[in-house]
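Here is a short briefing on one protein chain. Look at the sequence and the model first, then work through the points by topic.

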Amino acid sequence: SQELPQARQYARAFLQYAERHRHRLNDIFYDEKSLRTMAQDIFEPPMSFKLDWCTPVENIGSNRSEWSPSDRRQWQKLWMSPFKEAHIYNRSALISTMTKEFKSDCILVYQTLFPPQA
């Protein structure tokens, strides 16, 4: 990564040391998925939050709109959270989850205030 070249060098040095001294090292991190997301957070630049990404999209050409869910599956996606415990360790994943949550909240509030006429 361009942002943290020293972290990459440190990680390589530590890995070499750990491989040479594996019989002495006894501190084990069992959650490989969380470890991988932490490493990605260190070596890949984090995504930044943009409020306009939270705005539901309306495609006039195809007559489709995120503002008005059309079937049960879309409603379920709105009510389900994309949050996973491993997102705590990765800023980009957390920002992505937060963006999806805010977008869903916008749609739910809109649908509550302006329900379609039945």
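A residue counts as buried when its relative accessible area is under 20%, as exposed when it is over 50%, and as partly exposed in between, with a 1.4 Å probe and protein chains only. Buried residues make up 18% of the 118 residues in the protein chain. This is a predicted model, in which local features need pLDDT of at least 70 and side-chain atom pairs count only at pLDDT 80 or more, while totals for chains, interfaces and linings use all residues. Residues are numbered from 1 along each chain as its sequence is written, and side-chain values use heavy atoms, leaving out hydrogens and water.

**Confidence**

- pLDDT is the predictor's confidence in each residue, on a scale from 0 to 100.
- The protein chain has a mean pLDDT of 79. In it, 74% of residues reach 70 or more.
- Among the elements, H2 has the lowest mean pLDDT, at 67. Helix H3 (residues 72–79) has the highest, at 92.

**Overall layout**

- Helices (H or I, at least four residues) and strands (E, at least two) are DSSP runs, numbered from the N terminus.
- The protein chain has 4 helices and 2 strands. From the N terminus on, their order is α-α-β-β-α-α.
- A contact means heavy atoms within 4.5 Å. Take the contacts between residues at least 6 apart in sequence: 67% of them join residues at least 24 apart.

**Surface**

- Accessible areas come from the Shrake-Rupley method with a 1.4 Å probe; for residues, only the protein chains shown count as cover.
- The accessible surface of the protein chain comes to about 9900 Å². Carbon and sulfur atoms account for 57% of that surface.
- Patches are made of residues with over 30% relative accessible area and no salt bridge; like charges are joined within 9 Å, and nonpolar side chains (Val, Leu, Ile, Met, Phe, Trp, Tyr) within 5 Å.
- Phe49, Leu51, Met98 and Phe102 make a nonpolar surface patch of about 360 Å².
- Phe49 is found in the loop between helix H2 (32–43) and strand S1 (58–59). Its relative accessible area is 34%, so Phe49 is partly exposed.

- Thr97 is in helix H4. Thr97 counts as buried because its relative accessibility is 6%. Leaving aside neighbours within four places in sequence, Thr97 is in contact with Pro82, Phe83 and His87.
- Ser104 is also placed in helix H4 (residues 91–113). Its relative accessibility is 13%, so Ser104 counts as buried. Not counting residues up to four places away in sequence, Ser104 touches Lys77 and Leu78.
- Ile107 is in helix H4 too. At a relative accessible area of 3%, Ile107 is buried. Not counting residues up to four places away in sequence, Ile107 touches Pro56, Glu66, Trp67, Pro69 and Leu78.
- Ile107 and Pro56 are 51 residues apart in sequence. In space they are 7.1 Å apart, C-alpha to C-alpha.

**Trp53 in its loop**

- Trp53 sits in the loop between H2 and S1. At 41% relative accessibility, Trp53 counts as partly exposed.
- Not counting residues up to four places away in sequence, Trp53 touches Met47, Ser48, Thr99 and Lys103.
- Trp53 and Lys100 are 47 residues apart in sequence, yet 8.6 Å apart in space, C-alpha to C-alpha.

**Salt bridge**

- Side chains of opposite charge can pair when their charged atoms come close.
- A salt bridge is a side-chain nitrogen of Lys or Arg within 4 Å of a carboxyl oxygen of Asp or Glu. By this rule the count is 1.
- Which side chains meet in the salt bridge? They are those of Lys103 and Glu66, at 3.1 Å, N to O.
- The pair links distant parts of the chain, 37 residues apart: Lys103 is in helix H4, and Glu66 is in the loop between strand S2 (64–65) and H3.
- Glu66 is partly exposed, with a relative accessible area of 34%.

**Cysteines**

- A disulfide is a pair of cysteine sulfur atoms within 2.5 Å. A search of the whole structure finds 0 disulfides.
- Cys54 is in no disulfide.
- Cys54 counts as buried, at 3% relative accessibility. Cys106 counts as partly exposed, at 34%.
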